[in-house]
Amino acid sequence: MPRFFMKSTKRKAGLTPGTLVHIGERKVERVGIRIIDYDETFFEEKEVETVEECFPFRDKETMTWINIDGLHDVELIEKIGQHFGLHPLVLEDIVNTDQRPKMEDFGDYLFVVLKMLYYDKERSELESEQVSLIFGTNFLISFQERQGNVFEPLKDRIKKRKGRVRKAGVDYLAYALIDSIVDSYFVILEQFGERVEYVEQELATTPTQDTLQVIRTFKKEMIFLRKSIWPLREVVNSLERGEFPLIQSATGIYLRDVYDHTVQIIDAVESYQDMLSGMLEVYLSSMSNKMNEVMKLLTVFAAIFIPLTFVAGIYGTNFSFIPELEWKWSYFVFLFVLVVIGVSLLVYFRKKKWL
Amino acid sequence: MPRFFMKSTKRKAGLTPGTLVHIGERKVERVGIRIIDYDETFFEEKEVETVEECFPFRDKETMTWINIDGLHDVELIEKIGQHFGLHPLVLEDIVNTDQRPKMEDFGDYLFVVLKMLYYDKERSELESEQVSLIFGTNFLISFQERQGNVFEPLKDRIKKRKGRVRKAGVDYLAYALIDSIVDSYFVILEQFGERVEYVEQELATTPTQDTLQVIRTFKKEMIFLRKSIWPLREVVNSLERGEFPLIQSATGIYLRDVYDHTVQIIDAVESYQDMLSGMLEVYLSSMSNKMNEVMKLLTVFAAIFIPLTFVAGIYGTNFSFIPELEWKWSYFVFLFVLVVIGVSLLVYFRKKKWL
Amino acid sequence: MPRFFMKSTKRKAGLTPGTLVHIGERKVERVGIRIIDYDETFFEEKEVETVEECFPFRDKETMTWINIDGLHDVELIEKIGQHFGLHPLVLEDIVNTDQRPKMEDFGDYLFVVLKMLYYDKERSELESEQVSLIFGTNFLISFQERQGNVFEPLKDRIKKRKGRVRKAGVDYLAYALIDSIVDSYFVILEQFGERVEYVEQELATTPTQDTLQVIRTFKKEMIFLRKSIWPLREVVNSLERGEFPLIQSATGIYLRDVYDHTVQIIDAVESYQDMLSGMLEVYLSSMSNKMNEVMKLLTVFAAIFIPLTFVAGIYGTNFSFIPELEWKWSYFVFLFVLVVIGVSLLVYFRKKKWL
Amino acid sequence: MPRFFMKSTKRKAGLTPGTLVHIGERKVERVGIRIIDYDETFFEEKEVETVEECFPFRDKETMTWINIDGLHDVELIEKIGQHFGLHPLVLEDIVNTDQRPKMEDFGDYLFVVLKMLYYDKERSELESEQVSLIFGTNFLISFQERQGNVFEPLKDRIKKRKGRVRKAGVDYLAYALIDSIVDSYFVILEQFGERVEYVEQELATTPTQDTLQVIRTFKKEMIFLRKSIWPLREVVNSLERGEFPLIQSATGIYLRDVYDHTVQIIDAVESYQDMLSGMLEVYLSSMSNKMNEVMKLLTVFAAIFIPLTFVAGIYGTNFSFIPELEWKWSYFVFLFVLVVIGVSLLVYFRKKKWL
Amino acid sequence: MPRFFMKSTKRKAGLTPGTLVHIGERKVERVGIRIIDYDETFFEEKEVETVEECFPFRDKETMTWINIDGLHDVELIEKIGQHFGLHPLVLEDIVNTDQRPKMEDFGDYLFVVLKMLYYDKERSELESEQVSLIFGTNFLISFQERQGNVFEPLKDRIKKRKGRVRKAGVDYLAYALIDSIVDSYFVILEQFGERVEYVEQELATTPTQDTLQVIRTFKKEMIFLRKSIWPLREVVNSLERGEFPLIQSATGIYLRDVYDHTVQIIDAVESYQDMLSGMLEVYLSSMSNKMNEVMKLLTVFAAIFIPLTFVAGIYGTNFSFIPELEWKWSYFVFLFVLVVIGVSLLVYFRKKKWL
């Protein structure tokens, strides 16, 4: 998972800054372009084939949300960049999926990079996908690594005029997208919570080496989550502070709400980290207890038989004159003495709480 | 307990922001609405059936405290919101009991979310309940998850004209409510202190695996308490700084007092955390000491008998010519030698402080 | 000791803020009131019976230091409060000995709460006593839990006109009182240093379970000291910054000196904490070394005799034809072989540095 | 590696500040001087013999990049300093290779010290090289410890007019140089990642003492990397904030990009540090598991044979009357009993999960 | 070493602030007073007998450096204080050698306290000496605990007109003195590095209990160094920020250089601390490895002989009918079986990597 931060940077060293190189896995076959054009009274949605079909919307007064799925076609992205007047470094950041969440203000547009997380159940791994947003006064362009369905409910809300989205500006749309992404973190935490609960029960009943392995994976996941959410929190915070003219103060209140969510997530992540540390301690101490129990019982075991064997050894010697040996019942006395010694030791160890 | 922070967020992902969904346990059968209307000379208290009965008080000049017990009836809360002009996100936060303590200024009213803690003796668990306060110039609305009695003494003080509450404004009432909640933390700490003391004695006399379990639970509780009190401290601090016109400077001094209390609570929590860490160390070292003691005594035990058994073994051999065996008293000499060896080893180990 | 922070808060929950309730131990029989009235040329000291005798001094131009020993008589304190125009919360803080050191500015007077520490040799415990100071332009009232002698040298200096105290204003008197208290921390550290040194020697020679206990107590004491000195440092710092008209700039330099002392104390406390952590490590490693030594020697012990016993066992078998047994000197050869095996093992273990 | 920070400072103590003493290894035979002179239309590159040949470029309007390879010739550097009006302390810092990355503004020129890192495969060690940059409005002088090829691609870009470098000013050239150096950190991380992966596999299969050694070396390298990148990040940050007239705002955006890279590197380093801590834990717990396994199996082993040997010991005694011995089949019963005891113990230990 | 911070404070508690009491060791017999009077063209150096001889220099226009060696003669220091108009608290700080490095601005003079460190090879201890500087526009007075030679090179530079010192003002002289002291820290680090290297080799070859002791001493020294250098860094930082009229901006650049040195020293100290932690870990793990090795080999040892002894025990029983005993070669078969069992166990343990 840590290599996630460093997917393939070597490929780039030495290139001119601003050169577009797609860094990351190619997750879709074909780049998908979807345009949603709307204002308070009007709504249109279409899937287009060529990037040129997006261009007229730049100068249209209605709000336009252009969604690009797939980042490997750098030419296409370059064309968008030229038409919408984006800085080369912005384009470079969009196609390089190693970015940390960040926000940059270019005056006539804001550029936001986010990380969407999902838990890949098949591979039992946290996966992350980079989502970039660019928005000006009347357009918003979102770039995703592949077609996702996290924005579907939002599209529906626009279509069905639910909530403020049709009335508010593009900044509210940007907020709604960020909110969707932050909400996906809650889903991750929910799933994580269930997995942790399962392992906690395992830990209480039959801890194994695997349990340890799983706890360690959990810890890594939480570190990963934390590293993703902290810069996201900063991004939302700087958007919310209301310093950008592109963001209306009415939207600021909503962004503050998202900000509160990021803080809640950090809180939850920290709680889980405490919990996992606790589980690790429980695991280690239960292992050590088990070992101690083994050692204690067995050592006591040995400690009882060693003197008994010694006594038997004495009467196994071949001295010519050992008076006890002659007496007829001495064997039985001998056995009795062994039993007495054994029982006394047992009682003693019991009393000392060693058994 | 950590799931407390994440009760059931999954239910919400994808919904329009501002949609009211009650998140949390339903703790009462019916929502209770109580109105306390007062000024310096006048006092009236009544339990009402419908929310509409509260509405006239918005425009009345007297101070009005409306207390709502139960959050599951979102329609009722929506009606209040519409009548008192509350922001949809505020209503959403009120019914979502996963909030962290926070404070927001909406110009003509302040919105404060708090967490009340109590120790559920039956379930041996710390429980938390969300309390939201909304107050403007002449009204205060408090939302509780269920009917509690923590505000009873305050109500009495209003009724009996004790203290400044009748003379001061709504901001003082808000202060008094916050103060009641902060005071409830002291009660928690008091109870906690007693429980810790009990376990400390147990630890000094007969520590068991359960002791460890209890210490770990205590640690979790303190983490939980700390996580609750820190944002509360921030809330009180920002109220106290005197930046809000709704809060008079005379009330500021009282809020500073509450602020001091939150700092005291944090201090106490940190002291308990230090103490619990110490107890954990004591537990672990007493366990390890016990184990060492067992191992030491028993190993010494073995070390004494092993050479003795060896000597006995020599005289158990069947060599045809072993001169010692022939002599009549050699058996007794043999026994004497064994005793000498055993005693010397004992003395040696004693001297080395291994026994 | 941690309960120190939470003496008996339960008693108060639910009361009107500003209600005077003495919280803490009652340390004196009768409240003592002492008045020291002075200016550059004049000096008078008297012990008075009733609080009313203090009142005329409020409006007298000379500087007046009123010292109250004992906090349990809340009526007396209430009277002072009314006469000198003190805020009810100030009075509440004075009689509640659970305060953290703090400073509050009420315009015409400053309110300072301090903690005096002393080491109770009989109970071998750090004790703390709350001292509150209230000072305006021409009067200073100090409240102590019981009659102490830490302010005696200062009183003498006033009487004998030593130093600046007679010439300077009431703010200098306040400084001198704070200085006395900070100086008492140095005494604590001095005593603590001696106790640590003693334990360090014990640790180097004969560490026992008790040593561990003492180190842990020391650690607790340092945490306690640290928790007391940090807020005190903040108090002095805010007094020194020169923002209060009641404090003249000439006194500011002296307060900066006190501030330096508090920093020095924190430095010393941190050094001791490092030292104690080191001592704990030394203790644990010396314990573990001892255990390892025992285990090693005894295991080697066993390892030598086990093969020897085995060899003896072989010749204890009753096979009808064992050629070695027949030969006359074989017993001696057998003994010789045993010695050779034993010595070789010993040499081998020596060489491996296991002995 | 830590001595890297303190190569040979003793040589200098007591000298006049500003005295030029080369501190560090002499890495090249002869100092190499290369001049690249260019503007939007013009390009010239030459290797010169004497430092005087650089001087005319100071007053030429074209942009000039003078690159010095080798720092041991302090006279040469002094000459440059005099001609370009550099402060003596700047020169001292250039030849002292113990500098931390830093940035200083001298009004008409900026002075930047950087550390270039590379991994020396032969010596399996991280090496660092100091690079100093001085740039004014129309010239940039770079000082390297030896001829490197990290700036080659940049030179090519200038030559082939790739990117903005020919159009932009000297500040962009400085940015490009810093960018090259920061990119070299990514290469280090890439290589490091591969090495870590290799050791991780080793750890999963056959951990040895050497594995531990390697993990520790890795940890040291990450500390070293972190110590290098943090001040570098500060340097880039202060350049980027746009407070220096020598840096144009257009370049500021590029520097922000470099700043993001430094943050990414720190993120990656922290991830690796977490990972290495995890690996260390895995190593230690796998060692301890191995040991426990050995101890457990062998102790169980002993625990089974000890009672068996005792039983055999009983029938090895020479009592004159042991009834069992007389009966013909008792030997076989005896053997059977031994087997029963042994198997029961085995089954018991199995059930207890000790085997 | 920690007591260094608290040499003998008890002696002072209760005294009037500003009372001069020499706190610290008396390190010289007689106080030495040396005057160096110079300007750009003029130089005079003399050793004087009485403090009064210094007084005329206060009003002389040339720059004067008065150096006092020895702090026990409080009268002498009081006379200087009176003549040069120093605050009583300054004098108190000069003679109290428990000060932390600090800086205070008194308008017409600056007061700087520094700590010089040296390593006492005979006592194998870090020693510290307090150096106080007071400087105005045309004079600088330095107070040392005893005659040192750390300022000799500087005196030579003044005499021989090396560097800027003769041309620059008193502030540059102050800088040069501070620089000398900071340089002495580098020497300490250099020596420390050598000692660490030596111990590191010892650790790699023959670690003993003493090695542990030495590492712990090293850790203490680094904590001590760190505690000395941090406040020094703050002092230099506040001098460098250019807020004091007594310090010219040209000197500011030099002070920034010293500041960089203090940061370098902190870096080096932190590197050493990391290194020492690593060494401690190596020590502990090598100890534990050794112990494990012993335990493992010996337990395996025992595990091989225990079953063999058991088999021999079987044939030592005196059952009347044991068929095997009768057969002539059974003894040899018996021996062969023992060898087979022993070798199989050996092979098994080898395969399990326990040997």
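Predicted model: local features only at pLDDT ≥ 70, side-chain atom pairs only at ≥ 80, totals over all residues.
Okay, let's start with how two of the chains relate.

Now the interface itself. How many residues of chain D are in contact with chain E? There are 40 of them, and they meet 45 residues of chain E. On the chain D side, the elements that give two or more residues are helix H5 (209–240), helix H6 (249–314), helix H7 (323–326) and helix H8 (330–351). Which one gives the largest share? That's H6(D), with 11 residues. If you sort the chain D side by class, you get 21 nonpolar, 10 polar and nine charged residues.

Let's stay with H6(D) and pick one residue from it, Phe310(D). Is Phe310(D) buried or exposed? It counts as buried, because 24 other C-beta atoms lie within 10 Å, and the cut-off for buried is 20 or more. And who does Phe310(D) touch? Leaving out residues up to four places away in sequence, the list is Phe305(A), Leu308(A), Thr309(A) and Ala312(A).

Next, hop over to chain E and see how its helices pack. Helix H5 (residues 209–240) of chain E and H6(E) pack at an angle of about 160 degrees, and their axes are 9 Å apart. That makes the two, H5(E) and H6(E), roughly antiparallel. The way H5(E) passes H6(E) is a left-handed crossing. Their contact has 21 nonpolar residues, along with five polar and five charged.

H6(E) has another partner to look at, H8(E). Here H6 (residues 249–314) and H8 (residues 330–351) of chain E pack at about 155 degrees, with axes 10 Å apart. H6(E) and H8(E) are therefore roughly antiparallel to each other. What is the hand of this crossing? For H6(E) and H8(E) it's right-handed. If you want to click through the residues, H6(E) brings Val300(E), Ala303(E), Ile304(E), Pro307(E), Leu308(E) and Val311(E). Facing them from H8(E) are Leu338(E), Ile341(E), Gly342(E), Leu345(E), Leu346(E) and Phe349(E). By class, that contact is 11 nonpolar and one polar, with no charged residues.

The axes of helix H1 (residues 74–84) and helix H2 (residues 88–95) of chain D come within 10 Å and cross at roughly 145 degrees. The crossing of H1(D) and H2(D) is right-handed. Which residues meet there? On H1(D) we have Val74(D), Ile77(D), Glu78(D) and Gly81(D), and they meet Leu91(D), Ile94(D) and Val95(D) on H2(D). That contact divides into five nonpolar, one polar and one charged residue.

Okay, that's my tour.

Conventions: Residues numbered from 1 in each chain as written. Chains lettered and ligands numbered in written order. Contact = placed C-beta atoms within 7 Å. Helix = DSSP H or I, 4+ residues; strand = E, 2+ residues; numbered from the N terminus. Nonpolar A, V, L, I, M, F, W, Y, C, P; charged D, E, K, R; others polar. Axes fitted to C-alpha atoms, helices over the stretch in contact; angles between N-to-C directions. Parallel < 35°, antiparallel > 145°, perpendicular 65-115°, else oblique. Left-handed = near helix turned anticlockwise from the far one by under 90°. Buried ≥ 20, exposed ≤ 12 C-beta atoms within 10 Å, placed from the backbone.
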